[in-house]
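Here is a short note for a reader who is new to this chain. Please keep the view open and follow the points in order.

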Amino acid sequence: MRLSPPLLVLAATALPAVAQSLVANIVTTTSGQFGAAIDRFVPLGSRALFAAAGVHGRELWATDGTPAGTMLLVDLQPMGNSNPDELVVLGNECLFVATVQGLGSELWKTDGTTAGTVLVRDLLPGSGNGAPAELVRMGSYVYFRATDGVSGAELWRSDGTSAGTTLVADLRVGAGSSTPSKLTVAGNRLFFTANDAVVGSELWVSDGTTAGTQLVADLTAGVGGTSFTLVAPFGNDVLFAADAGSGQEPYVSDGTAAGTVSLGDLVPGTGGSAPRDFVTVGAVALFSADSPGFGRELWRTDGTLLGTAQLVDIEVGATGSDPQALLEHNGVVVFAATTGAAGREPWRSDGTAAGTFQLLDVNPGTAASAPVNFAPIGTEVWFAANSLGTGQEFWRTDGTTAGTALVADLVPGNGSTLPHAITAFAGQVLFSGMEGGAGDEPQITDGTSVGTLLLADVGRPLSNSNPTQFADLGPDVYFAAATDSFGTEPHRTDGTPFGTSMIADVQPGSFGSSPAYSVGDGSRVFFQGNLFGVGRELFVTDGTGPGTVRLTSAVPAVEPRGMGMFGSSVVFSGNGPNGREPWISDGTAAGSHELLDVRPGPNSAIGLLEENFTVAGGLCFFSANDGIYGKELWVTDGTAAGTRMVVDLLTGLASSDPHDLVAVGNEVYFTANGSGVGYELWRSDGTAAGTVLAADLVAGPISSFPASLVAAGNQVFFTASVGGHREVYVSGGTAATTAVLTSTAGSRPSAYSDLTWTSQGLFFLTDDLTGAGTELWCSDGTMPGTRMVLDIGPGQMSGPVSGTLAAVLGGSHLLFGATDLVTGLQLWLSDGTAAGTQRVTSLGVPGVGFVSFAEFFATGTRLFFAADDGISGVEPWFYDPSGAGVAFALPYGPSCNGTAGGPVIGGAGLPSLGNTSFAITLDNALPSTFAFQLVSFVSSNIAIGNCRQLVGFPLVTGASVFTDPAGQGAALFPIPTDPAYLGLNVFFQWGIVDPMGQVFGTFAASNGLQVRVGP
């Protein structure tokens, strides 16, 4: 038996590469539900698009109205948010604005597929922001405001192609911006406000051509201009609110100066009536405005001064009814208004006084139902309103009192669905709301509870162990991680789930000791741990509970920081009666002590987070301030007598401030401020005579400020600023062996990052401004041998992710995270050549991949790291190009109790290729009852009453069994022999028929089980 047909369909998009593997899903409990923050849906053919915030950040999603067809299209900004916005449909595509690394905020388009989601044009080439905004469609173009870096923020248009995306008019010639705003289409013309620096901010009109873009009227003479708050279509004309000296008042314009007139000074003087919500109904427009003695009420206009008047005084007196959210549909305007008798309720108007009335007192009495989010749905208007006994739910109206009613109480009782982003789609209604127990998420409804479906748990609850501080520990690896019950504590792993465990509960209870500054010598790891009532002290572990001991105990606590191995001892800065000074520990309490009171008395020799202990030539170098010579270079051999200042580079109390220490052979290279040379590159063998200036890149007292020092054999690579250009340099320790390797920084202060050495050369990230974006580069130590390796991200879009570069395989290759839009964020491996730079994982669906990478740690052939695959949260992973991962079956999440308590899921055997006897087991269920499996390729944590659905969408129903008299059962899940299934993750949960079950009093449910197919 192979995977069932439904699972085979899902598996087609769920098969990852085999060399990477989740080490363990340490934290399975979650910190609560999170909403997807959806503000609207945009129908596009058979799909609807929406921006939503999930584990991959705020990105573009699409749905066909089913859970299986609801998906993240592409993760445009890995480890961040692209924030898609301004979605406007143009033909069969949708244009939108997104912010992407290397491109900035630019214009994109999508046809609703991953492959069809592409950049339209990089308006401001490079990483700057073209910042397109206020997108509106007129005819076969989308118009918007943007800048190309030459013309400032001006009016542009696009037909969805790069060549067809052009500047319409540079109203403020040159680099200045006219800043077109309030773009409004009326008929076949575009109205907007702009400031050309001649007449100030005024109303303009355009037919889409440069010649047809012109000033409408100069309402306020001089360059000060007019203040506009609103522009709205009125047939082929526009209504707008503006202050031309008498406060914000209503105006109308036909696009000519003569046809641009005031509709009245509704509040005489400079106070202004502040018109809002112009909405056309028939031959008139309704709006709200303030007026003396009436407050804010409903007004109407036919576009003339005489035809502009208050329509009705809904709330008699000066308070006003404050009409808001006016929506016209089928000849009726629906809105919210407040009266003292009924509170805030839904109203309607056909533009006449007689046809203006309250639709229904949804929340009877003076309490308000506070209707919001009016949306046209077929022949009706749907909205959200609150009423006693139902909470805030869907209501509908056909514009009559009799036709105004509750749609459905989707969250029974006083609970609320809080529907918003209400949109008609494929004969149903898309919305975002709380129904379904998954937070504020995308849903679809036919207007009934049974016909309401959660489409995706986009903003899934957090479940992260956040592994950090990896270090070698014998054949295993040490790391610190959070747990479900013990807080953040030290762990060890051999790279498999079964070989991963917490070493010790250093701080008993759920808060954890929060290990920090962890370093190891291969057989032991030293770390700072926090104990209640004690503070932060030094600990050491050999990887066992009994071998995890506290080494220091002081009042106040030692608070060890900046630890570095020095032979079999650890050197660090510690607090004590003498302030913060250098300490040493040999791994015993007796051998843990202050090295020397460098700065006699209570003052500290080492400042806050200024530790830089670096071992070279059998000595440990560091910076310290003895109060006499300032902060200078010091050295120790591990004894008080052998702890001394090396040299006073900047004589007297002044400090040379040595930092960025790196070991190169038997010497240490560093940056320091020397007398007469400024901050430059130095090297030292630990003696005054052997401490010399390596290179004075900027002659005299002006500094080149070397930074990002990286040791490479007998050389050091670094960046330095010469002549205002920070470039990459290499040095062998003398002026003659110091050379510049790059020349593309320009005036950018940080053009080069992530300098990483392998035996293939120096790798780094940079944008050379040729249109490739920030990409991976490699240097052999010469300028001719410094080149871009591969343009991974298409065009100007950046491919590699900063902070992920690591030397692996004994330092022979570079491993890093990158995205190419096709596969999303994945691991890549490089030998420094284009042909030898390849993607080595393919986790997740196309265009998406991993959520994040962090904490890369290479040991042997393996790389350990923290990663979020979008399923398990931020957990420990490893990559081994020589292996194919491991097989495991890991339980996660809570059970949902039944008659016998919490049912328990498990795995019989290992899910290894060809294991036809692997089975999913059930224990502690109701005896002799029916049980069924829910199966998916993603986990979830959706609240169902007091219980949790632990498998995500899309899901299928798996095997079913009848439990035996002991409440046990098992169902085979045979593993195919096909190697294509290596690395497949499948998630299971049992549902059990149980009259005492917590799910609707009908079912109990097991915890979840993650199954990973291995060799």
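Is Arg396 buried or partly exposed, and at what relative accessibility? Arg396 counts as partly exposed, at 24% relative accessibility. Here buried means under 20% relative accessible area, exposed means over 50%, and partly exposed lies in between (1.4 Å probe, protein chains only).

1. Basis. This is a predicted model: local features need pLDDT of at least 70, side-chain atom pairs count only at pLDDT 80 or more, and totals for chains, interfaces and linings use all residues. Residues are numbered from 1 along each chain as its sequence is written, and side-chain values use heavy atoms, with hydrogens and water left out.

2. Overall form. Along the principal axes, the C-alpha atoms fill a box of roughly 100 × 85 × 55 Å. Of the 1015 residues, 57% count as buried.

3. Salt bridges. Side chains of opposite charge can pair when their charged atoms come close. The rule asks for a side-chain nitrogen of Lys or Arg within 4 Å of a carboxyl oxygen of Asp or Glu. The count comes to 14 salt bridges.

4. Arg396 and its partner. Glu380 forms a salt bridge with Arg396, with the closest N and O atoms 3.0 Å apart. The pair links distant parts of the chain: Glu380 is in strand E31 (residues 380-387) and Arg396 in strand E32 (residues 391-397), 16 residues apart.

5. A buried pair. Arg492 and Asp476 meet in a salt bridge at 2.9 Å, N to O. Arg492 lies in strand E40 (residues 488-493) and Asp476 in strand E39 (residues 476-482), so the pair ties together parts that are 16 residues apart in sequence. Both Arg492 and Asp476 are buried. Elsewhere, salt bridges that share partners join Glu610, Lys631 and Asp657 into one network.

6. Arg58 pairs with Asp39 in a salt bridge, the closest N and O atoms being 4.0 Å apart. Arg58 lies in strand E4 (residues 57-63), and Asp39 in the loop between strand E1 (20-22) and strand E2 (42-44), so parts 19 residues apart in sequence are tied together. Arg58 is buried, with a relative accessible area of 15%.

7. Aromatic pairs. Rings of Phe, Tyr and Trp (its six-membered ring) pair if their centres lie within 6.5 Å; planes under 30 degrees apart count as stacked, over 60 as edge-to-face and the rest as tilted. The count is 34 aromatic pairs. Tyr752 and Phe764 have ring centres 5.8 Å apart and planes at 75°, so this pair is edge-to-face. Tyr752 is in strand E62 (residues 752-758) and Phe764 in strand E63 (residues 761-766). Tyr752 is buried at 7% relative accessible area, and Phe764 is buried at 0%. Phe470, Phe479, Phe857, Phe864 and Phe878 form one aromatic cluster.

Note on methods
Helices (H or I, at least four residues) and strands (E, at least two) are DSSP runs, numbered from the N terminus.
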